[in-house]
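Here are my notes on the model. Please read them with the structure open.

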Amino acid sequence: MPELPEVETVVRSLRPHVVGQKVRAVYLSGLPLRMARKLDEKELRRTCVGATISAVRRRGKYILIDFDSGRGVLVHLGMTGRLTAVDDRLERAKHTHVVWTLPRKRELRFVDPRRFGWVQAAAKIDELPEVVGLGPDPLTELDEETLAALLDRSRAPIKSFLLDQRRLAGLGNIYVSEALFRARIHPGTEARRARKRTGVLVDAIRETLELAIVNCGTSFRDFVDGVGESGRNAMALLVYGREGEPCKSCGGPIRRTVDAGRSTFFCSRCQRR
DNA sequence: AAAACACCCTGCCTGC
DNA sequence: TGCAGGCAGGGTGTTT
């Protein structure tokens, strides 16, 4: 489900409810998550129980929870993950995999029906391979020069290029379609051939993500923020999910193609090969 | 080395 | 009303 704007929305809405709070206990469902891997229960308890949350950060699509001990917890929402701070009297949803018990009858809960998400505690979460391998953050670390150098080195279609988290961290299937439409670049264009449009692409990516953050993310079905609220960005989407509907720029029909099992939406008039 | 593919899961929607 | 099939915004490991 969640891409950079959704993860940013979760982080922002979660902060006031969890930062400064001391974790009393941790519950785990025991079921395996991403890639059928089991969570490291001992490490999670060692890190969290009795420790106070000092910060909640985002890196790409990962949520990083820091504790006063210096240790931390990495959370990835996968496709259907939710991380919410709620009253403990609220019934636990089906597929609740991790619960952190907080003071004043509150709980931080990780719920993930498809179990594509991930939760991991470590002494230094910034040094976990998942985090170290991430490319620059499109909102804070991306400049034209960096992207131009990356584009030069790749013959992959620009769509799969932008989806690769090692190059840029945070774009997913929705916002790639949106950003490419804004930049008027056809999704099948070879990355290196989009080089001349680097500046336009950087701006398009930023505008796309910033608008989605202002709207608190795109909620089709699953996505909610840190307190259970849906986002409003679905109505602001220009191409994603709009197959057959008129292009907001030229009026022509929005087209959809499928590659590697993933939909791509674009306007064949506005986005020429 | 880079790109394409299968796979990890459940839920929801469509069509019969 | 039931059931099969297809589809979904994630990442990873393996093959080509």
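1. DNA surface. This is a predicted model. DNA strand B is surrounded by 14 residues. The closest are Ala-36, Pro-113, Arg-114, Ser-154 and Ala-156. By class, the surface near DNA strand B has seven nonpolar, two polar and five charged residues.

2. Sheet. Four strands form an open sheet in the order β2-β3-β4-β8. The pairing is antiparallel. β2 (53–59) and β8 (118–122) are the edge strands, each with a single partner, so one side of each has no neighbour in the sheet. On average, neighbouring strands of this sheet are turned by 15° against each other, direction ignored.

3. The β3–β4 pair. Strand β3 (residues 62–67) and strand β4 (residues 72–76) run antiparallel and are joined by five bridges. Ile-65 has Val-73 of β4 as its bridge partner.

4. Helices on the sheet. Helix α1 (residues 4–18) packs on the sheet and touches β2 and β3. The direction of α1 makes about 175° with that of β2. Helix α2 (residues 41–48) also packs on the sheet, touching β3, β4 and β8. The direction of α2 makes about 60° with that of β8.

5. The α6–α7 pair. The axes of helix α6 (residues 173–183) and helix α7 (residues 198–214) cross at roughly 130° and come within 8 Å. The two helices are therefore oblique to each other. The crossing of α6 past α7 is right-handed. From α6, the contact residues are Tyr-175, Glu-178, Ala-179, Arg-182 and Ala-183. Those from α7 include Val-200, Leu-201, Ala-204 and Ile-205. The contact has nine nonpolar, one polar and three charged residues.

Conventions:
Residues numbered from 1 in each chain as written. Chains lettered and ligands numbered in written order. Predicted model: local features only at pLDDT ≥ 70, side-chain atom pairs only at ≥ 80, totals over all residues. Near = placed C-beta within 6 Å. Nonpolar A, V, L, I, M, F, W, Y, C, P; charged D, E, K, R; others polar. Axes fitted to C-alpha atoms, helices over the stretch in contact; angles between N-to-C directions. Parallel < 35°, antiparallel > 145°, perpendicular 65-115°, else oblique. Left-handed = near helix turned anticlockwise from the far one by under 90°. Contact = placed C-beta atoms within 7 Å. Pairing = 2+ DSSP bridges.
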